[in-house]
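User: I would like to go through this structure step by step. Please take the questions in turn.

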Amino acid sequence: MNLVYPLAHLMGGVILLCAFSMLSQRRLSAMITLYQVQALTLSAAAFWQGFAQGAGDLYLTGLITLVIKAILLPIGMRQIVQRFSMIRAVETTMPIGLSMILGVGLIGIAVLVVLPTTVSAVSLTREDLAISLSVVLLGLLVMTVRRHAIAQVIGFLSTENGLVLAATGMPGMPFVAELSVALLVLLAFLVVGVFLFRIREHFDTLDLVGIEEIERRGR
Amino acid sequence: MVLLILRLLATVLHIALVFALAPLLLGLVTKLRAWLLGRRGAPLVQPYRNLRRLLHKTTLVPDTATDLYPIWPFVCFTAIAAAAMLVPGFCLGLLTANLSDFITLVGLLALARGATMLAGLESGFGFGGAAAAREALFSVFAEAAFLVILISFVLIAHSPTVDGVAGAFRMGHIGISVSLGFALAAILAVALTETGRIPTDNPSGHLELAMVHEAMLLEYSGRFLLLFEYAAMLRLMVWMCLIGTVFFPFGMARAGEVLSWPGGLLLWVGKLGVMAIALSLFEISTAKMRVFRVPEFLGVAMLLGVLSGVFLFVASRIGG
Amino acid sequence: MHLRLDALSVLFLCILVPQIFASALAERRGSFTFWVFVAGMVLALLAGDAFTLIFGFELMSAASWLLVLRGDAKPATLYAGIAMFSAACLIPAVFLPASSLAFVLVLLGAGAKAGLAPLHSWLPRAHPAPPAGVSALMSGGMVKVSLYILIRYGFIEFDAAAQPWWGSVLIVVGAASVLIGALRAMLEVEMKTMLACSTVEHVGLIAVGLGIALRAKAMGDFGLASLALQGALLCAVAHGLFKPMLFLGAGAVKKATGTTSLDWLGGLMRGMPRLGMLMLVGAAGMAALPLGPGFAPEFLLLHAVIMAAATGGILARIGFTALLAGLGLSAALALGAVVRLIGIGFLGRPRSLHAAAAEDAKRGTLAGMGLLAVLCLPVALLPGMVLELLEPVIQLLVPNSDPAPLSYAPLSLGVLLALAAGVAALGLRRFAVRGTREVPAWTGGFGRPPVWLPFGDPVTQPSATGFAEPIRRAIGRGLLAPKGADPAEAFLFFPLSRLNLRLTRLAEHIRRSTIRQRLAFVFGALVMFLLALGLGEGG
Amino acid sequence: MNLCLPAVFLPLLAAPAIGAFGTRAQGAIANVVMNVIVFGLTIGVCFEPGSGLIHADDLGMIFGVLTGFVGLTTALSNISFVWSGNEVLSLRRWRVYHAMCQVVLGSTLLGLYADNIGLLWVAVEGATIAATLGVSLPRTASALEAAWKYFILGGVGIALALFGTMLVYLAAQPALGPGLPAMSFLALTQHVTKLDGSLLTLAFVFLLFGYGTKAALVPLHGWLPDAYAEGPLPLTTALSTLMLNVALIAILRFRHLMQANFEGGGGALQPGAFLLTLGLASLLLTAFSLSRRRDARRFFGFSSIEHSGIAVFAFGVGGAAAIFGGLLHMLVHTLLKSALFQALMRGAALRGSAAPGNYGFSHLRGMIHSNKYIGWLLGGCVFALTGLPPSGLFASEFIIVSQTIQRDPYVSLPLGLGLVLCAVAIIRNVGPLVFGHAPPHTKHQKSGIGANLISLHLVLAFGIAFTMPWFLLHLLSTVAGALQ
């Protein structure tokens, strides 16, 4: 049974890699693909954990992740991209290189924060926690450095993935958290979808610059 | 009992003399000035004649004056009169000795000044108001300087009353100290301002623009003007008595001993004469200064007062 | 929330009650806010514990703020700011143990509310704003409540930790207020503003007295302490009587003529003689003239200063000598201000038709002022007796002290004056020509006034501004900031407001940030916290 | 039986029905009915706290009743809001609006009664989404932008909170074993010293950021002013004030865990510094942001930031008395703020329309000329927010300040500065708002009977603060003692 840690670790690494390379992507479709891969890996990780811990609910988690995040969400987002014909480069607020350096820094912080603290904690969760924390932080970073609404949504979703990864790592975590994550993503997509429509009604694009225009007028 | 009667007599005598001699003193000063300027000058009794003339004139009241018009002369006169009763002249230990607190004195003079200023504003025409404004300006500095000078008196004599201070100085164990010299110089400046003499004001001036004290009385005539004039004479008297009593207390009589009275009287008259001469000498030797130089003049007096206080402190530290 | 009554509170209640009656007689009987204001003051005076004290004090501030607001919205904000500043200083202070820090906080809090320099500049703006009855109560009562707090904490609560320098600080700020207050009272044109400035002066006088007492007490010189306290408390009593009177009078003038600007008044003595006489009484107190209510306190304070000059080192000597000079200066300035108030406002010729057509005040106002005037008599003529009544308070503040009897005897002085007046009157009646003849006054060479000005051309008589001009040139240049502004405003309030503006702009900049920038705030803060955590624990 | 369950789930279950059927008037009525029931249940909960996953501890009782009461008064004033047809919404949106009112109410109560950190989190999330929808209802550009802001920032906050929640579980799981007990406040509090302190600290940071976003602490406050300014007032402004309490109480509970763990030697850090930092930041930034606002709803949104900053500051000071002060502050502030917003709504209605655009100070000024009663009430509410007596906030701020001075004097200086600046900035508006010159063509109109609700709020706020009823005193002090 010594295969558990390496595999879990490996999949965590893949997820982190996806999150990290999202920073480097300029095109929406590529980001969506990366997100899809991340979600797939996540569901695999969930299944594996469920198998390792023998916890049934983790299978369900993996299933939800697979269906919603790995299949439905990307399809929906691709449709939006198609509909608004936005297969063009995403303008970022800071140069890619700089954002990647920042990403590395964030991973460093995550490790710095988590490793010393969990010395006493369960060993299985040690790196898992560090990885998921860095995925969360990277997702936030994507949200902050990208201008594009879809890109921000993707960053947000990848943050959720980090959360789920952490949740799957928790031994025997009751189901309530899982359910709520799924709920959140569902609602999030719904609300986002509503917004995308409305925003399109008002400004002809998904770009938040329009919104920032209103904001600048100040009140 | 006898002592009380004697003190009463002395007080009455003092008051009578002060009130009687005040015009004469003014006459003396003007006469001396005239002589020093090489003129014959008016006779000594001219002030008395002026007062009598005013008695026999009808009193004209400007139609723009309010009902308070007659009040101010009385207020002014009574305040100065009370001051004259408080400041001892030829002898110490009068009945009014305990009342003669320096600050009460300052208050009475301020009261008289206030009444005069209001009289100037009464009829509501230009010159009176302008003069009152100047008077207010002078008084600000004069009062401050006078209060500052007080410190050295009171701290030396350990008594706040004129009588007490004079008594303490009369004992003579203070001697001539630097601080008293400063104080004398300062108080002379204050006195000149308060009595409206050259260099701050010209009692015999006739240009309304330049007058201060007289200009406030322009609208007054007859018996009211008499009161103001008499008050002015008394004021001169009061200040001379004050300076004489505080700085040259030697030879002052004691109310208790009748025998010491004649000497005291003689010396007092002598002192008044000397001060009159000094005043007239000073007046012919200086010119009237511009209105806005006066604050500087009095500011110097104030500084002298502070210095006298400081030197007194130093002396007392050196002394013991 | 419980109450207590000791000599000090009784004294200040006695100061407060007549004013309340007077202003209630004069006006504002109906206003609910007014009574809340009164209740706040009384509560603060009766307070038995810190919470009640602060509660009453703040209630007073709040109600008076509302009253100021109803009068004039502009100064209300400044007033509210000062009130809250004083609250922010007092609330901590009443909880700290007796210490210098606590005293400084109390001084800041109570001093700001009482109008001690340099935090006085709100007072001439705020006090004139509300109707006269409220102005009277604010000037005569509210200020006293603040001083009450200062006294209670300075002399009783913090007695254990008292230091001589506390007193010195109080003296310095007091002297500054006296000078600035008196000077501005001489220069202001608005009657109520001028009265407010003179309130600053009197508060300064009281503070000087308290400071001397505090210093002397800390140095163990109880005689001097009690003398200075006599002066300060008597000054509080007298000021509480004549200042509300003057404010009520100013209100009546406003009602009668529609303005309180001296440059538009004049000759009111004809239209409103009774008011004029009452104003004279109050003015005599304000100018500290002998036989007036204001003279005895001034007398005691000056003596206290002279006595204090003999204590301490060379610095104290120079300082107190200078202080004496300052007091003399301001006393004369107060006299000038009073002469200006009466002479320009009530004597002379009217400067506007309103002033010419003024009619005497309502009975209520006159009754209120009359009440205060009657109460002035004992303070003016029997100060010794009043001091006897103050004895327990002084014993409470300065234990085992034996104040010397007052060496100023108004009654005998009055006898002398009466004697002189009587003799003069008799002499004139006996010898002088009787009767008077009314003639046109000499116009000073000006042309005949136009016919529509029955009382002559106003421009041919001195205006209030012109009357103050020599003083402005001689002293104002030295003591005031450029362009005649109050130094406290020029050097304290304006820079602060500029700083406030700058920070506000910064906040606006933050508020304008875009969504992404806001996310960046959150993210950056999180990262910083985590970094701190990591370095704190792991590193 | 456990009355908490119906109190929580009735509104949540009623929401779909209300959202599906009925005219807008019926929806409003249904709201009132639901609120009456819920208010009754919340009172009943005080006598029947129940037990288990959802039950009411003392804190839950107090704020549950508060929530029920405010919800009821809001629903009542909501009727006049709906009748006057201020908002031009389609019927569908009216239904959504009423449904969302119920969802917010239900999830607020869930957040108060839940004994499980996961459920608490679900509640906060549900309320966020409901409020977001509410904000976006009038489809104006500014509304959408505000809602989008709210969604993004709120979502991030929720994510962080979830991460913190899982960390807490991770910290507790070794001690309490896997499963529900490791997520129940009761169990956590009992075995607090056995938790992994360092992990708890890390969790606290995330929870502070998560729930701090809902409590709108600077720098996490970005969503609040705009969200308050947009959307139908009763939902997005009045009810959202209740959510602040949930978030603050959550912060308070986790802070207690950390503090107890620290005192028990569990290895956690002192939570004080974090809370003080955020509290002061909120206070000071607000102090300078208030003075430039021209829109009343935005203005008082900022003042909400200030007050939750004060409460968090009080928690950071620590000690039973300070926490007592903080809780009292939350109670009184909720009452006053909801009263204020109802008064604003009525005032704006008197001036024509209570739709989001009409809350400019220049538009509302001189309210006393439109209606004396409303004008005075409005002035009273605004004045009460400054914390000067006789406002109820005076008592709580008094306690907090005095505690701060006793515990760490130096922090009290910025606190005092911030309080004074905020109070001045608020009080500047009272004069113009109430007594100023009304805009032209303002006539004096009658105020509805509902205006008495506002004075009821004010009276309650005063009464609670100064004549502290014994049972409330008892409850609050026990809570504060337990959570110090």
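User: With which residues is Ala145(B) in contact, leaving aside its neighbours within four places in sequence?
Analyst: Two residues are in contact if their C-beta atoms, placed from the backbone, lie within 7 Å. This is a predicted model, in which local features need pLDDT of at least 70, side-chain atom pairs count only at pLDDT 80 or more, and totals for chains, interfaces and linings use all residues. Residues are numbered from 1 along each chain as its sequence is written, while chains are lettered from A and ligands numbered from 1 in the order in which they are written. With neighbours within four places left aside, the contacts of Ala145(B) are Ala186(B), Ala189(B), Val190(B), Leu298(B), Ala301(B), Met302(B) and Gly305(B).

User: Which residues touch the most other members of the largest nonpolar core?
Analyst: A nonpolar core is a set of buried Ala, Val, Leu, Ile, Met, Phe, Trp, Tyr and Cys residues joined through C-beta atoms within 7 Å. Buried means that 20 or more other C-beta atoms lie within 10 Å of the residue's own, placed from the backbone. The largest such core has 611 residues, and the members that touch the most others are Ala145(B) and Val305(C).

User: Which helix gives the largest share of this core?
Analyst: Helices are DSSP runs (H or I, at least four residues), numbered from the N terminus. The largest share is 24 residues, and it comes from chain D, residues 141–176, which is helix H6.

User: How many residues does each chain give to the contact between chains B and C?
Analyst: On the side of chain C, H14(C) supplies the largest share, 19 residues. That side divides into 47 nonpolar, 17 polar and seven charged residues, where Ala, Val, Leu, Ile, Met, Phe, Trp, Tyr, Cys and Pro count as nonpolar, Asp, Glu, Lys and Arg as charged, and the others, Gly among them, as polar. The contact takes 69 residues from chain B and, from chain C, 71.

User: Which element gives the most to the side of chain C that touches chain D?
Analyst: Here 35 residues of chain C are in contact with 38 of chain D. Helices H3, H4, H20 and H21 of chain C each supply at least two residues of that side. The most, eleven residues, come from H21(C).

User: Which element of chain D has the highest mean pLDDT?
Analyst: pLDDT is the predictor's confidence in each residue, from 0 to 100. Chain D has a mean of 88, with 99% of its residues at 70 or more. Among its elements H6(D) has the lowest mean, 85, and the highest, 94, belongs to helix H12 (residues 296–317).

How values were computed
A residue is buried if 20 or more other C-beta atoms lie within 10 Å of its own, exposed if 12 or fewer, and partly exposed in between; C-beta atoms are placed from the backbone.
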